[in-house]
Amino acid sequence: MTVEYKTLNSGNKIPTIGLGCYQTPLNVAQGIVLDALRTGYRHIDSAQCYGNEHEVCEGIAQWIAEDPTKNKREDVFYTTKIYDDNHGYELTKKAVGVSLNKAKDIGYIDMVLMHSPQSNTEKRHGSWKALQEAAASGFVNNIGVSNYGIPHLEELLAFSDTTIKPAVNQVELHPWLTRTELVKYCKDHGIAVEAYSPLVRGKKFDDELLKSLAEKYNKNPAQILINWSLRHGYVPLPKTVHPGRLLPNLQAADFKLSEEDVSLLDAKNEDLHTCWDPTVYPLNP
């Protein structure tokens, strides 16, 4: 399949559909990542708190080893995230080193994110300084944030020593949680938006509008939701541990919802969070 890309503010390109690895068990992670890459995925998203960085990287390394002349490391975009417990300059420097060690078989990390803003200004400031240093090291190609609200982004951009803008802000996004103001802020500041839980964890697959659109386009509900993200210019990260769902999710890029149908889905917004919402975390609790 043809891989589509989005250009980040760093100048680097990111594949527009990624495989999310949240809650992917250790005994499954390597295999599902390998299957995903064989299927055509070129974007894999993990995190320190998922506990599967090593296994995810082993899946990437295994895919490269299958055919080194065709399967190139530079064709895979691998992301991980620094968890809240490791906020602060020294802790973040150490945490980046730990993640790089787990990725040693693939050489480098394409993007490191702050997993959430849940600490305080001083710690977030130190972490961003450490991430900027990591980006200058040659072993981390892009840096960004996740679960950041507008106040957190404003704070980061206002740090006197901020020289690198976040490449992305990864947040929960789907038709029942559209985050219009946050999305606009990110786009106005050149920060790409990644959408996690784009399938609403299956909680809305029985929605009548969603079912009718699936029938109209001869697609499944997951494909409709992934395409909704793509139509908004987001980078969706659908998660699955079922090999049979990998290709259909990737094929969600093969059609286009009409503007009218995108608007109908937009109108479903009810601020539904399927998990946590650190975007509202106070700057200094």
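At 53% relative accessibility, K184 counts as exposed, where exposed means over 50% relative accessible area, buried under 20% and partly exposed in between, with a 1.4 Å probe and protein chains only. D188 is exposed as well, with a relative accessible area of 53%. These values belong to a predicted model, in which local features need pLDDT of at least 70 and side-chain atom pairs count only at pLDDT 80 or more, while totals for chains, interfaces and linings use all residues. Residues are numbered from 1 along each chain as its sequence is written, and side-chain values use heavy atoms, with hydrogens and water left out.

K184 and D188 form a salt bridge, defined as a side-chain nitrogen of Lys or Arg within 4 Å of a carboxyl oxygen of Asp or Glu. Both residues lie in helix α6 (residues 180-188), four residues apart, about one turn of the helix. Helices are DSSP runs of H or I with at least four residues, numbered from the N terminus.

A search of the whole structure finds 12 salt bridges. Among them are the following.

| Pair | Closest N to O distance |
|---|---|
| K184 and D188 | 2.7 Å |

E66 lies in helix α2 (residues 53-66) and R38 in helix α1 (residues 26-39), so the pair ties together parts that are 28 residues apart in sequence. E66 is partly exposed at 40% relative accessible area, and R38 is partly exposed at 49%. The E155 and R124 pair links helix α5 (residues 150-158) with helix α4 (residues 121-137), the two residues being 31 apart. Both E155 and R124 are buried.

The largest pocket holds about 650 Å³ of space. A pocket here is an open set of points on a 1 Å grid over the protein atoms alone, where a 1.4 Å probe fits, with protein on both sides within 12 Å along at least five of seven lines; lining residues have an atom within 4 Å of a point. Of its 35 lining residues, Y22, S197, R201, L237 and K239 are the closest to the centre of the largest pocket. Helix α9 (residues 243-250) gives the largest share of this lining, four residues.

The second largest pocket has about 190 Å³ of space. Its lining includes E4, K6, N227, R231 and K256. Helix α8 (residues 221-231) supplies the largest share of that lining, three residues.

Key. Points joined across faces, edges and corners; volume = space filled by probe spheres on them.
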